[in-house]
Amino acid sequence: MAGKKSSAEARVERLTWGLLVLIFAVLYLASDSCLAAMPNWLVPLAGGVVLIGSGFYQYSRRWRVSPVTWITGVILLVLAVIGYYVAPGRSFIVESLLVTLMVIVFGTFTGET
């Protein structure tokens, strides 16, 4: 079990989760014409940047960063690279959503992300 967190650390983790949810909220609220113009790799890239950025920020403050944050951030960045170079026509939104849900569920049950 994770040790007692400072309020600043907990706030950063909640902000990270909020940004991850915001990515999908914007995607949901965007019109179909806007979605057609959006590259398929953008959603996993945004999620990966949020997670890796959060991990580096927490690490720079000498807070514990869960391996799940690093692993899922890298998974999302890999999906973005695959979507950009290998399969530009394939959407990775479902996979990105599942990875994001995994981060939030893991963090909720263990108290760390």
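Student: Why is glutamate 95 called partly exposed?

Tutor: Glutamate 95 has a relative accessible area of 24%, and the scheme calls a residue buried under 20%, exposed over 50% and partly exposed in between, with a 1.4 Å probe and protein chains only; glutamate 95 therefore counts as partly exposed. Please keep in mind that this is a predicted model, in which local features need pLDDT of at least 70 and side-chain atom pairs count only at pLDDT 80 or more, while totals for chains, interfaces and linings use all residues. Residues are numbered from 1 along each chain as its sequence is written, and side-chain values use heavy atoms, with hydrogens and water left out.

Student: What makes the meeting of glutamate 95 and arginine 90 a salt bridge?

Tutor: A salt bridge requires a side-chain nitrogen of Lys or Arg within 4 Å of a carboxyl oxygen of Asp or Glu, and the side chains of glutamate 95 and arginine 90 meet at 2.7 Å, N to O. Arginine 90, at 37% relative accessibility, is partly exposed.

Student: How many salt bridges does a search of the whole structure find?

Tutor: The search finds two. Glutamate 13 and lysine 5 also form a salt bridge, with their closest N and O atoms 2.5 Å apart, and both of these residues are buried.

Student: How do you know that helix 1 and helix 3 are roughly antiparallel?

Tutor: Helix 1 (residues 7-29) and helix 3 (residues 42-60) pack at an angle of about 170°, with their axes 10 Å apart. Angles under 35 degrees count as roughly parallel, over 145 as roughly antiparallel, 65 to 115 as roughly perpendicular and the rest as oblique, so the two helices are roughly antiparallel to each other. The residues that meet include Glu13, Thr16 and Leu20 from helix 1 and Val50, Ser54 and Tyr57 from helix 3, where contact means heavy atoms within 4.5 Å.

Student: Why is serine 54 called buried?

Tutor: Serine 54, which lies in helix 3, has 7% relative accessibility and therefore counts as buried. Leaving aside residues up to four places away in sequence, serine 54 touches Val12, Thr16 and Val49.

Student: What makes the pair of phenylalanine 56 and tryptophan 70 edge-to-face?

Tutor: Rings of Phe, Tyr and Trp (its six-membered ring) pair if their centres lie within 6.5 Å, and planes under 30 degrees apart count as stacked, over 60 as edge-to-face and the rest as tilted. For phenylalanine 56 and tryptophan 70 the centres are 5.2 Å apart and the planes stand at 70°, so the pair is edge-to-face. The pair links distant parts of the chain, with phenylalanine 56 in helix 3 and tryptophan 70 in helix 4 (residues 67-86), 14 residues apart. Phenylalanine 56 is exposed, with a relative accessible area of 52%, whereas tryptophan 70, at 25%, counts as partly exposed.

Student: Why is valine 65 called buried, and which residues does valine 65 touch?

Tutor: Valine 65, in the loop between helix 3 and helix 4, has 12% relative accessibility and therefore counts as buried. Not counting residues up to four places away in sequence, valine 65 touches Gly55, Gln58, Tyr59 and Trp70. The C-alpha atoms of valine 65 and glycine 55 are separated by 6.0 Å, although the two residues are 10 residues apart along the chain.

How values were computed. Axes are lines fitted to C-alpha atoms, for helices over the stretch in contact, and angles run from 0 to 180 degrees between N-to-C directions. Helices (H or I, at least four residues) and strands (E, at least two) are DSSP runs, numbered from the N terminus.
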